[in-house]
Amino acid sequence: MPEFITQWLDQNEIFTTMTLLEYWDGLVNTIQLVFLSLIIGLLFAVPLAILRTSRNTFISGPVWLYTYLFRGTPLLIQLYIIYYGIAQIPGIQDTFWWEIFREPFYPALLAFALNTCAYTTEIIRGAIVSTPHGEIEAAKAYGMNWWLRMRRIVLPSAARRAVQAYSNEVIFMLHSSAIASVVTIVDLTGAARNIYSRFYAPFEAFIFVALLYMTLTFTLVYAFRRLERYLLRHQRPVGS
Amino acid sequence: MFDLKGYGPELLSGAVVTVELAFLSLALALTLGLIGASSKLSGNRVAQGIATFYTTVIRGIPDLVMMLLFYYGGQVGVNAISDYLWETYEIDFFFQFDPFISGVVTMGLIFGAYMTETFRGAFLAVETGQIEAARAYGFTRWHTFRRIMFPQMLRHALPGIGNNWQVLLKTTALVSIIGLTDMVRVAEEAAKAERMPFHFFVPVAAVYLALTAGSELFIKWLDKRANVGVVQGS
């Protein structure tokens, strides 16, 4: 290592092993929270998106209302309502649910999953309704029933069209997850806030964490670009 | 009707703060976006580099982290400057970095980056024939920009501006975290004091919903107006 870096590392009081470990724990928490909420959100979003495209208003209406409410209000408010609200549900403190929701991690996970699920549902719905009509006609002509058509034709083709928008949603979720720190979760931002208040060193604490977030973001961007290339490989010009 | 336990007026003035914050940030974001897009399209390597660096960095950092950095870092910066001025020139200079200004600056910077991309795309969507025609008429560069590029670009930029505005509106909630008494902050304090979270957060959520829904209608109306005379393919 160059001498000036080792010298700087020796002299600074902020980036010790202790604080780096704190950042590490924050990183683990952030990744867990974001990854789990994205997985849960995506799992529920696919069936909800299919329901949302239904012609029956009694089926598509409730899903529309859900996505409208969660997309029209700030995630922070949703987090506050769930975090502070759960303790107020009568009788919950006597059930086993209380053991789970006492930890701030789970209310935050619930809020994030509900939020990302609403956005993802709309992304997938958009991709489903823009399926070229000919593809569906062809599937019908082959005698495929609704379920087979969905599974073999509509959903795979929708997934290709949804990937770009979904990658934006993933990055949006990573950035939004920073608010977990306001309900006492020590995620990356939470760790930075602790270190800031201990040393009164805003630049070191927050710029370091900003660099970590940037690394995560650009890794995700790269991964999604690769995924998109892979999914759209049939559209690449011959010989490239 | 709805008993707000005497927090009603405070919540209302908090809502006004939220709206002010949103509009000021939008103004700053639009300005930065225009500057950013112009630099990206200018052909000047340095300006392009700075604008690309700006949009890339902003897209990588969470809005809350930026806000905390500006708010806490801004105060430390001001303190350092005021110490220096006092020690060397004996000038007494100090101001408290307040959350409102930090909020406007941060959100302006963040959405300025998104607006840069929106405006860049919109400028590129204006047909080159239009610019050539303006040149042929002897318009100066500034004239071409003001009379030809800008008005036509706006039509293409409108949907993007609308989307950014919707996200911006919801991001205003974050400024309560650095201590601005907007409606989210008032609701949080009220909810804690009265131990009634639903009672105070649900009305705030409803106000946000009304704001986003109203904006949606307004943007649709603007879009319809801006596209008068454009033949749309079915």
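Helices (H or I, at least four residues) and strands (E, at least two) are DSSP runs, numbered from the N terminus. The structure described here is a predicted model, in which local features need pLDDT of at least 70, side-chain atom pairs count only at pLDDT 80 or more, and totals for chains, interfaces and linings use all residues. Residues are numbered from 1 along each chain as its sequence is written, while chains are lettered from A and ligands numbered from 1 in the order in which they are written.

Chain B has 8 helices and 0 strands. Its pattern along the sequence is α-α-α-α-α-α-α-α. UniProt places the feature "domain: ABC transmembrane type-1" (unreviewed entry) at residues 15–219 of chain B. UniProt positions are given in the numbering used here, feature names are shortened, and annotations may be inferred rather than shown by experiment. Residues 15–219 of chain B are 83% helix and 0% strand, with end C-alpha atoms 21 Å apart.

The UniProt annotation "transmembrane region" (unreviewed entry) covers residues 12–37, 49–73, 93–114 and 198–219 of chain B. Residues 93–114 of chain B are 73% helix and 0% strand, and their end C-alpha atoms lie 35 Å apart. Residues 198–219 of chain B are 100% helix and 0% strand, with 31 Å between the end C-alpha atoms.

The C-alpha trace of chain B spans about 70 × 60 × 30 Å along its principal axes. The radius of gyration of chain B is 22 Å, whereas a compact globule of 234 residues would have one near 17 Å. This radius is taken over C-alpha atoms, and the globule rule is 2.2 Å times the number of residues to the power 0.38. Of the 234 residues in chain B, 38% are buried. A residue is buried if 20 or more other C-beta atoms lie within 10 Å of its own, exposed if 12 or fewer, and partly exposed in between, with C-beta atoms placed from the backbone.

Within chain A, confidence is lowest in helix α1 (residues 3–11), at a mean of 69, and highest in α6(A), at 94. In chain A, the UniProt annotation "transmembrane region" (unreviewed entry) covers residues 30–51, 63–85, 105–124, 170–193 and 205–224. Residues 170–193 of chain A are 54% helix and 0% strand, with end C-alpha atoms 24 Å apart. Residues 205–224 of chain A are 100% helix and 0% strand, and their end C-alpha atoms lie 29 Å apart.

The contact between the chains takes 28 residues from chain A and 28 residues from chain B. Two residues are in contact if their C-beta atoms, placed from the backbone, lie within 7 Å. On the side of chain A that touches chain B, α3, α4, α9 (188–199) and α10 (202–231) of chain A each give two or more residues. The largest share, 10 residues, comes from α10(A).

Helix α3 (residues 57–72) of chain A has the buried residues A:Val63, A:Thr67, A:Phe70 and A:Gly72. These pack against α2 (17–52), α4 (75–86) and α6 of chain A, together with α8 (197–226) of chain B. Beyond its neighbours within four places in sequence, B:Val65 is in contact with A:Ala178, A:Thr189, A:Phe206, A:Val209, A:Ala210 and A:Tyr213.

Technical notes: pLDDT = per-residue confidence, 0-100.
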